[in-house]
Amino acid sequence: MSDPIVVGYTATDAGDDALALGTRLARASGAPLEVVLVLPDESRNAIVPPDAGYVRHLREQAEAWLAGAGEKIADAAHHRTHLRYAESFAEGLIATADELGARCIVVGAANGGIRGRHRLGSVASELLHSSDVPVALAPEGSRLLDPETALTRVTTFVGTRPGADVLLEESVSLATAASVPLRLISIETIDLPAGLDTAAIRVAGSEHADGVLGRAREALPAGLAADAVVARGESIEDAVGAAAWDPGEIAVVGSSRLAQPRRLFLGSTAAKMLHELPVPLLVVPRTRATEGDRR
Amino acid sequence: MTAPEGTPLAPATGAEAGGLSGKGLSAGTVGLIGAIVIGISCIAPAYTLTAALGPTASEVGVQVPAIILVGFIPMLLVAFGYRELNNRMPDSGTSFTWASRAFGPWIGWLAGWGLIAATVIVLSNLAGIAVDFLFLLIAQITNNAEIADIAANPVVNVIVCLLFVLGATFVSYRDMQTTQKLQYVLVGFQVIVLVVFAVAAIVHVASGNAFDATPIDWSWFNPFAVSSFSAFAAGLSLSIFIFWGWDVTLTMNEETKDPDKTPGRAATITVITIVVLYLLLSIALIMFAGVGTGELGLGNSDISDNVFFHLSGPIMGPLAFLVSLAVLTSSAASLQSTFVSPARTLLAMGHYGALPPKFAAVSPRFFTPGYATIAAAIVASVFYAVMRFVSVSVLTDTILTLGMMICFYYGLTAFACVWYFRKQWFDSVRNVFFTFLFPLVGGVILAVLFVTTLIDSMDPEYGSGSSVFGVGLVFVLGVTIIALGIVIMVWQAIRRPAFFKGETLSLDAPPSARRRRQTAANRSEKP
């Protein structure tokens, strides 16, 4: 798998989380790592007088940060660093990812949050509703995991939403590239509050859940080690927490972006899952379906 | 910073590298209107005039229009020098870096200190004005005049003021931006309200309802009619304050869409707009209120530190809240653009080792000079809080001190320009004017103003009449600030001598090189 992995880097803990996860993913799939730091474009500025000296200083500082990131990766993965200017961090990342034909974008999910408390940062939020490449969220503390830790498993949350095939395709390709087993999970919750947009990952009724898993399994290529389980619980947190998690694995979930345009995809569900998930989460957009032959 | 072999750390090669250099310095993003809007919001005419009109009228009487016109001259002359330096050495440290290059680390340090002091003072003054107008606005909207008086309670005043500074710090630290459209609307609103305010005052005069109708006279425009040189100098240093900030339009260069034309045009249009506004308003308000010390007279020390606050009601009636809104938005925008100035200079001083390296820290999340921003905010807050309790009329005294500090560091900058380019003075006729004559004359005027103000301000009756140990508060402030600067400088020189030995910023004077001159001249031919 040679499509590069883009890491949205800042010289913060969240940035180091992203860097660590990116490195692990790159090592697992043999992809090159593209470390990207996005600086704000001065053109959005309407009050503060522009200052060429400060812009230069900032660029030198950013280059030093990127060099520091490169040192952290060292020989762990083949990598390059990029300094970009864009209106927003997310915008710059998406543009770079498109340009490089990236496999996914990795960012730190915590974004300055307190340790042990996951919270979707503004960059992650913006990425999640505007990115057309998969976005991997590195939970707070990812940087503390040994970068040598191999990817041990890919776990995919399957539901009935249209586009599940793309989700599966992505999971299979990741699992194959990393030569690790795939696990399929359907979440089944009791007493779901009305109006919660969880259909992307939820199926009602256990026979339904089994059916979904069965169909998903059938679609899997032969030779891939796969396991299918139903996670049950009072709530999403409960169900996610009840499932067994391996420190080295990554979870994959589909986006409902096209189904709900303009809406912050997954929203509370993603936040809830992130809160419970002790592992990184890869979010796969539906748009791949229309651009399926891009590779 | 040793990267593994074979992994390019520089921005990627090929197409992306071109993208970086193209976008790197964000060349060509500011258009003519954008530059004018930035210029006007940096000057913040509504705020500036309400703060400076009273003190100026107290000093020079009805000759305010003359002083405004004359005050523009040294500003323009120094701005030319500022532009030359900025084209040659664009650097966040501006005056600090340039003066260090021309005169060495000690004078450079003091110039940087002067700039920081001036901007910190103006921050506290801005926030102080904003507090007054916030309460006034609430009073006007709720029709409860007593609320406006709450602003006079020093404790409430200081607390609200600190909240304002906190808010501005937060916005600056996180680099939150208003959209360009909103900024255009705010600036447009500010200008329109000021014009309406002036017209309303004149209408009152015409209909005989003025407080102290003063017929306009040509002598208002005659600077020689000012009673004494001291008054003239004091007025002039105030009118330098009202144009302060205008130079940014001149120094925007590679950032503009058309570097040959935009900066010159933007600066011209901005300054014409500002001068017309200032003249219109000062004439209208003098016609309406006179310069006496009566209840609404501009010379009344009770109202002179914030004249719009006291005059908007009598002049605009029920629409007075528009003036409050205009001043508030003007202060808010200015608070943000002003914050950048000391923060960037502190950053540069930290960067070159003139201050602890912490000051050079850039926030890794928001890409702003975070530490320096917070440091500036804390100093501004403390300064305001202390002044509020020490001074009878805090705003007037801070504005007078501010005028003095601007003369100090602008003067040094002007001389830095003259000295730095000493080998190139006679390379061309253009250089004779822009690197020698203009900044020299501007610098001399500012130096004279600085010294005159300093001597005059020893009189305890100077400014608001506040005094410490029988010496005028403005003098005490000015001298304390500079003395404090020297103390910190010596301390830093002991702690980190590298900068003071000229190891980080060396003395320099570009040689008279024909080829080099040609490129420089081509780049900024247009005056």
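Predicted model: local features only at pLDDT ≥ 70, side-chain atom pairs only at ≥ 80, totals over all residues.
Leaving aside its neighbours within four places in sequence, which residues is B:Leu328 in contact with?

**Entry 1: B:Leu328.** I placed B:Leu328 in helix H14 of chain B, which covers residues 320–351. Beyond its neighbours within four places in sequence, I found B:Leu328 in contact with B:Ala130, B:Phe133, B:Leu134 and B:Leu137. I counted 22 C-beta neighbours inside 10 Å, so B:Leu328 is classed as buried, the threshold being 20 or more. I then checked B:Val382: it is 54 residues from B:Leu328 in sequence, and the two C-alpha atoms are 22 Å apart in space.

**Entry 2: chain B as a whole.** I noted 20 helices and two strands in chain B. Its radius of gyration is 23 Å, close to the 24 Å from the globule rule for 527 residues, so chain B is as compact as a globular protein of that length. The C-alpha trace spans about 80 × 50 × 45 Å along the principal axes of chain B. I recorded 57% of the 527 residues in chain B as buried. Of the contacts in chain B between residues at least 6 apart in sequence, 78% join residues at least 24 apart.

**Entry 3: helix H4 of chain A.** I looked up which residues of H4 (residues 122–130) of chain A are buried, and found A:Val123, A:Ala124, A:Leu127 and A:Leu128. Viewed down the axis of H4(A), these buried residues fall within an arc of 130°, so they line one face of the helix. An α-helix has 3.6 residues a turn, so residues three or four places apart point the same way. I listed elements of chain A that cover the buried residues of H4(A), among them helix H3 (89–100) and strands S1 (5–8), S4 (104–108), S5 (135–138) and S10 (281–284).

How values were computed. Residues numbered from 1 in each chain as written. Chains lettered and ligands numbered in written order. Helix = DSSP H or I, 4+ residues; strand = E, 2+ residues; numbered from the N terminus. Rg over C-alpha atoms; globule rule 2.2 N^0.38 Å. Buried ≥ 20, exposed ≤ 12 C-beta atoms within 10 Å, placed from the backbone. Contact = placed C-beta atoms within 7 Å. Arc of directions from axis to C-beta.
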